[in-house]
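Hi,

Here is the structure I said I would pass on. Have a look at it first, and then read my notes below.

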Amino acid sequence: MGINVFIVKSVAPDVPLGRIFRGVLPFWAAMMVTLAVLVAFPQISLILPDTMFN
């Protein structure tokens, strides 16, 4: 995510870095929620591999 922020900064140099990071916060929060759900329920990530081998 950080590399993408700096790429956006290089494309739009007149936009402050803080504003870019504020724009990325909802996506970062969504990734953290997804990570928390997968840690709490690891079976979710194992559904597809289980169907391939059974």
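Going along the sequence, the protein chain reads α-α-α: three helices and zero strands. Keep in mind that this is a predicted model. The radius of gyration is 17 Å, while the globule rule gives 10 Å for 54 residues, so the chain is more spread out than a compact globule. You can see that in the box filled by the C-alpha atoms too, roughly 55 × 20 × 10 Å along the principal axes.

Now zoom in on the rings. There is one aromatic pair in the structure. It is formed by Phe 6 and Phe 21, with ring centres 6.3 Å apart and planes at 80 degrees; over 60 degrees counts as edge-to-face, so that is what we call this pair. Phe 6 sits in helix 1 (residues 2–11) and Phe 21 in helix 2 (residues 17–40), so the pair ties together parts that are 15 residues apart in sequence.

One last thing to look for is a nonpolar surface patch of about 820 Å². Met 1, Leu 25, Phe 27, Trp 28, Met 31, Met 32, Leu 35 and Val 39 make it up. Of these, Val 39 lies in helix 2 and counts as exposed, at 63% relative accessibility.

Cheers

Conventions:
Residues are numbered from 1 along each chain as its sequence is written. This is a predicted model: local features need pLDDT of at least 70, side-chain atom pairs count only at pLDDT 80 or more; totals for chains, interfaces and linings use all residues. Side-chain values use heavy atoms; hydrogens and water are left out. Rings of Phe, Tyr and Trp (its six-membered ring) pair if their centres lie within 6.5 Å; planes under 30 degrees apart count as stacked, over 60 as edge-to-face and the rest as tilted. Helices (H or I, at least four residues) and strands (E, at least two) are DSSP runs, numbered from the N terminus. Patches are made of residues with over 30% relative accessible area and no salt bridge: like charges are joined within 9 Å, nonpolar side chains (Val, Leu, Ile, Met, Phe, Trp, Tyr) within 5 Å. Accessible areas come from the Shrake-Rupley method with a 1.4 Å probe; for residues, only the protein chains shown count as cover. A salt bridge is a side-chain nitrogen of Lys or Arg within 4 Å of a carboxyl oxygen of Asp or Glu. Buried means under 20% relative accessible area, exposed over 50%, partly exposed in between (1.4 Å probe, protein chains only). The radius of gyration is taken over C-alpha atoms; the globule rule is 2.2 Å times the number of residues to the power 0.38.
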